[in-house]
Amino acid sequence: MKRKLSDSGLENDQSLASTPKRQRKTLGQTNGARNGHASNPPVTNGDASYELPRGQSTPKKANGVTATSLKESGLKTPTHKSKARSLFATPTKPKSVAAATPTRAKNADRSAKKKSARVLFEQDEDGAWDGSERLAEEILQDDDAEAEKLGEPVTDSIEAGAEQPLAKDTKAPKRRAGRPKGARNKRSPTPEGELPAHERYFFQNRAGPVKTSNMTLNKVPLLTHEEYFEKLRQYVDPCRDEKEYLLALHHRSFPQWSFEFDEGFNICLFGYGSKRKLVQQFADWVYTYRGVSSTPPAIVIVNGYTPGISIRSIFATIATAVLGDELPAKLGSQPTEVLELLQSALKTRPAHEEPVTVLINSVDAPPLRRAANQALLARLAATPRVRLLMTADTPNFPLMWDISVRDQFNLVCHDSTTFSPFAVETDVVEEVHALLGRKGRRIGGKEGVGFVLKSLPENARNLYRLLLTELVSVMDDGHQSDEEAPADGTGGKSPDEVGIEFRLLYQKATEEFIASSEMMFRTLLKEFHDHQMITSRLDASGMEVLGVPLSRDEMEGVLEDLVLG
Amino acid sequence: MEIDGFDAEVLESSRDKSQSQGVYIYQPTQQGKGAGERPSKRRKVASTDASEEPKNHQSFAPLLNGDENAECVQLRYDIYKQLWSVQKQKIKGILEDVDAGVLMDVLSFVRNTSPQTYDPILAKEPETSALVTVGSNVSSLSRLLSRLNDQLAATGDGGVVVLESGDAPNLKTTLKNIIRAAVTNTEGNDGYQKFLTDRAGPRLLGYDLDLLHDYVQRKGTKKLVLALRDSEAFDPGLLTDLLSLLRSWLDRIPFTVLLGISTSVELFEGRLPRSCASLLQGRHFEVQEAGNCVDRIYEALQADLTGRLWLGRNITSTLFERSSDFFQSPEAFSRMVKYAYMSHFFANPLAVLLANPASTMLPQLRICEAIRNLPSFRMFCEDLVQAGFSKEVRGLLEDDQYLLQQTSKHLDTNQQKMRRLFQVVLVIHACLQHTQSSKKTSVSDLSIRALSGELGESPIVEEMLATMKTLDSEKLMCLLNSLPRALFNDAHFSAIQHDIQTLLQTYPDSGPLRSEYNTNSSVVKTTVVQQRVRLSKGKAKLPEQDLEYTKIIDRLVAILQEYFAEILVNPQDLFLHELFLFDLRNPLKETFAPRPRFAIERALASPFDYLFSSFDVTEGKISAKQPATAILYQLYLESGALVNVHDLWQAFYAVFESDQGDSCDERVVMTLFYGALSELKAFGVVKNSRKKTDHLAKSAWMGL
C-alpha cells in the first residue's frame, strides 16, 4: 500500500511522459514473448483476429472492476492491469498449437497452466481464494522453460512497472514466476459486482490472514478538542439547504403528531441524524399552537444523552411542571414513588387542563438504555394525560423493549431522518480516541500529563515515574510473548490492557520510600485519578490493576521528561 | 409557525445551556430571556381564567392544498370521532365479554377464600393464591386486574395492589410500595401522607406492615389482592421472603396473592425453592389466547350492518400478520385499526362525504375536482361510456351539482354493497361450520379473499357448495337455521326452506332425506372386463322423496351461486371505494413496524434518497457533496471485516481532495472524519479491534 502510494504521487506528476513509453516497451515484450515461444508463426494470423477484440475488451472489463471511487487517490492503477491483460493474451496461442498436436494429457496440462497463470495475474481484481493461488503456483513451478520465459516478463512488467520502472531490467531475471511478496495483500475487500448481503458477509469474513496494511495513525497528528471545534466552524456544509428542506418536511407533520397525541398514542422518531432541533421546534410549535386560548401547556424536555441523568430526576421535573407550587417538599427517593405521585396528581387534575408533554431526546442513549429505565419510562408513557415523544438514534433501538413494555409505550413511529450531525449528543473527539484506543487525549496527552506532573510534589512525580517504568517494562515483556504485536513495536497492544497490580506498585513504592503507608499511597493515587492520569480496573481474579491512559510512545516521552527533568 | 433559518440560529445559541441539561421545563423562546418567569407563576395567572369553556381546537389540518374550509375539516374530525367511538364501544364489549369468564372465576375465588377458613387446629392451609397463566396475551392481566379492582372497590370489599418486578428491588422497598399502593388506591396520595403522619403513638416506618394492618382495620377491608404482574421476573429469594412474611400476617391482613405467569405453572414453580412453593396454595386460571379475540373484534368491526368505512385487504392481511407473528395483544390490534381510521380521515379530504354533508357546505370546486380525479371515477365513467351513457358522463364531468348528487347516491348504494359483501362472508362462514370437518377457515381469511374479490371463485366456496350437495336433510335444516336471518328476506330462500319442510312432512317416516350426490346413494359396481376389474359408479335407485330433495338441493346451490356471484364483487371496482374502503398498507406498516436499521442504512448508503439535491447526482458515486458520515459509511461498506483506520482516513481524505483540489484543508476534513467515525461508533457498526493497531472491526453488514 505504501509503495503504491508513493508511486502514485510520482505517477501523477509524470504520467503523461511515462505511460506511453512503458506501453511501447511492453508491446515490444509481447512481441518478443510471442516470437520466443511460438513455434509456428502462421497460426498467429488466425489468432490475431480472435485476440484483438479480446485485447480491447479486457481493459474495459478491468476498468469496470477496479473503478472504485478510490481511483483518484492512486490506490488503484487500472492502467497497469489493462496492460497486464493485453500482455497476457499470449498464452491463448498454445491452444492453436495444441489443436495441431492433440495429446490429451498435454492438453490438460496446458489448460491447467493457462488457468493457473490467469489466477495468478488476476488475483488483484478477483480476490481469488488462497487455495487456487497456491495450486496455480505449483502448476507453474514445475513448468518448463517455455512457461518461465512466458511468465517472467509479464509479471515483472506488472509488478515492477508498478513499483519502479527503471530498476526493472536488473531485477527481472532474479525473480521467479508468480506473485511477489505482499501481492496477496492487495486483494480488494470489495467483491466484484453486486453480491447479495449474505454473500458479501461471507466474502468479507472469509478465513485467512488479515489483509490490511500495516499503516498506523502514529504519523498523523490527531485532533484536540480545541482544534476540532475550531476547524468545524470553518466547514461549510454542502447539503445545508437540503437538510433545511428535510427539516421543513418534518415540520409539516406536526399537526399529525399532535393529532396522534390527542388520540392517545405516543410517538417515536427514528432515522439518521440528530433530531434534537426538530424536537425543539416541535416544542415551540406545541407551545404556540396550544397557548393561544388556554393555559400554556406543560412541556418537559429530556436530553437522554446527558451522562448523569436519572429517571427519578426526569419524573421529578415532570411532577414540578404539573404541580407547580403544589409540589410536596419531599418527593421520595425511588423513581416509582415520584411516578406514583405524578400519576395520582394527574388523576385529580381537572379534565380540561392540558396534558403534559414530555419530549425525550435520544431515548436509546447509554444513560437511559437499561431495561429498568425503559420499563419505568413505559409506565410513564402509559399514564393517562402524559404525552411522550421520544427520539431514537441507533439502528436497533426496538430491541430495548420487550412485548409488555412495547404495549405500554403504545408507540407510533415515524422516520424523521434529518442528517443533522450529533454535535451535542456525542463527545466526538473523546469517542474517536476511545475507539482508537487513545483515551489519554482527554487530559491533553503527553503534554497534559507533563503539565499536571509539574504542579505535583516530588513524591507524586516519583510515584508516577515508578508506575510508568513498571508499565513500560511490562509492555516489553509482553511483546516478546505476544505474536500478534506488529513488528515495528511502536503501537504495542492497547495500553488499556497493560497494567500493574495495586499491591505490587505499593510494595515498590514503599521500597523506594515514596510512600510510607497505604493511606499516603492512596492519597497520591487519588491525585492522579482526579486528573485522569491513571486508570484502575479489576481483573478477573478481583485484583485492582492500575494503568495509564497513554500510548507507549507517550509513556516513554513522559518518563524521559520525568527522569531528565 | 415556521421558524426560518435565521430565527433557528438565534434559538440555537440561546439554548446552549439547555443542551447540557439533562431534563428541563420548556420555556418559550418568544419571551425575552430576562423575563425569567417560572412556569409555576404562569400557571397561577392562568388558573384564574382556566374556568372558561374548553376550547374547541381543530386537530385536523386543512387539506386540498389548504383550500379546505374550516367546516369541512371539523366535519371530518367529527365523523371520525363518531365512527370510531362506535367501533371502540364494540371492541370494549368484546374484550369485556372475553374476560368475563376468567374475571368471574377469579372474583369468586377471591371472595370465597378467606383467612377465616384457616383452621389452626387442623393446620389446613387456606387457598390464598391464584395462578393466572397469561401466555402471550400480556395486556389481558392488567385489564383483568383493573376490573377486579373496580369490582372490589365498588362493593367496598377491598382493592388490588399491582406489583411489578421493577417495584421490588428488595424487601423493604417492596413492602413500602405495597403499603403505599394499598393506601393510595382508596385514599389518594395526600391520604397516604396524612395516614403516615396523623397517627397516635410512635411513628412507624414506611415498610412496617403494622401500617397496613391499621389501614385494613380502619377501612374494614375484607380482601386485599396483591397481584404480581410478571411473577417470573421477580427475584426468587425476594419472593420467598415476601410470601413467608405475608403468610405470617395472614391472620391480621386478608391477603390474597395473584400471580401472573407468562410461561407455565410448572416452569414458574421450578424456579422457586421448595419452601416457597409450598407456601403457595392456590388455584390455576387460564386466560384466553389473543388470536381468537382478535378474530372476533375484526368480525365485529367489519361485518356490521351499519358500517360506513371498511378496511381493505392489504390492511387486513397486515393486521393479522402482525397479531399472529408478533404476539400482539387485542389492544394493540385495535390500536392499529384505530390508526387506520385516523389516517383515513386525517388525510383524505373526500372522507368528509361520509358524513353526508349538505352540499352547500362544501367547497364545491375543489371537492368536485378531487372526485373527478379518483381512479374509480374514471373507471366508472369508462364503464358508463361503454354502456352508452355518454350524456350522463358529460353531466358528471361538467355539472358539479349533478356530480355531488350522484356521488352521494352511489356512495350509499356502494356502501350497501359492502355491507352485503360482509353478510355473504358471514353466510359462507356459517356454512363452513357445517361443511368443513377439520380445519375451520376464519372470518378474517374469508374477508381477505372477499376484499380482493376472489372469494366467489375460491376453492373454499366451491368445496363448500360441493359438500353442501351431499348433506342430508337434517344437516341441511341445521345449516339453514344457522344462517343469518337477513338472508331469508329473500323470497327464494324462504321458498326453499318451506319446500323442504313440506317434503319432510309428506314423508315423515323415511328418516333424513339424502340427495343423489351423497356417497351413500351411489353404488360401486365391479365388472370384470378382459381380466381386469373395473370399478364403475352408478346411482342407486332412489326413492321418490330423495329425488325431490335432490331437486331442492340443486335449486338451493344454484341460488347460492347466483347470490354469491352477484354480491361478491371486487370492492376495488366499486365507484368511490376510495372513500369507504381504506386500504393503504403503508402508513400502518411503517408506523407500527418501523425498520430503523433499514432507514439509517439507506440514509447513509444513498443519502440523496433523502436529501433532495439540486446538483446532479451521479448514481452510486461517493463525492464530497455528500454528508461526511455517508461518505465514510460507503467506504466502510467497501472494506473488509477489519478496517485499517489510517487507510480509511486516507481514502476519506482522497474523496475530498479529488473534489476540492488544493483548497481542501486536511484538518477540516479530519474533523469531518472524526464526526463521521464517532457517529458510526454510536450506531454500533464499528468497534475497536485488538487484532492490529489502529484497526476497527466491522460489526454490521448492510442488508443482513
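A residue counts as buried if 20 or more other C-beta atoms lie within 10 Å of its own, as exposed if 12 or fewer do, and as partly exposed in between. With that in hand, let us look around this predicted model.

**Two loop residues**

Another loop, between helix H21 (502–511) and helix H22 (518–530) of chain A, holds A:Phe513. Here there are 9 C-beta neighbours inside 10 Å, and therefore A:Phe513 counts as exposed.

Both are also worth a look for their backbone. Most residues other than glycine have a negative phi. A:Asn410, however, has a positive phi, and A:Phe513 has a positive one too.

| Residue | Phi | C-beta atoms within 10 Å |
|---|---|---|
| A:Phe513 | about 60° | 9 |

**A pair of helices**

Now turn to helix H14 (residues 311–323) and helix H15 (residues 335–348) of chain A, whose axes come within 9 Å and cross at roughly 20°. Because of that angle, H14(A) is roughly parallel to H15(A). The crossing of H14(A) past H15(A) is left-handed.

Which residues of H14(A) meet H15(A)? Among them are A:Ile311, A:Arg312, A:Phe315 and A:Leu323, while the H15(A) side includes A:Pro335, A:Val338 and A:Leu346. Sorted by class, this contact of H14(A) with H15(A) has 14 nonpolar residues, no polar ones and 1 charged residue.

Notes
Residues are numbered from 1 along each chain as its sequence is written. Chains are lettered from A and ligands numbered from 1 in the order in which they are written. This is a predicted model: local features need pLDDT of at least 70, side-chain atom pairs count only at pLDDT 80 or more; totals for chains, interfaces and linings use all residues. Axes are lines fitted to C-alpha atoms, for helices over the stretch in contact, and angles run from 0 to 180 degrees between N-to-C directions. Helices (H or I, at least four residues) and strands (E, at least two) are DSSP runs, numbered from the N terminus. Angles under 35 degrees count as roughly parallel, over 145 as roughly antiparallel, 65 to 115 as roughly perpendicular and the rest as oblique. A crossing is left-handed if the near helix is turned anticlockwise from the far one by less than a right angle, and right-handed if clockwise. Two residues are in contact if their C-beta atoms, placed from the backbone, lie within 7 Å. Ala, Val, Leu, Ile, Met, Phe, Trp, Tyr, Cys and Pro count as nonpolar, Asp, Glu, Lys and Arg as charged, and the others, Gly among them, as polar.
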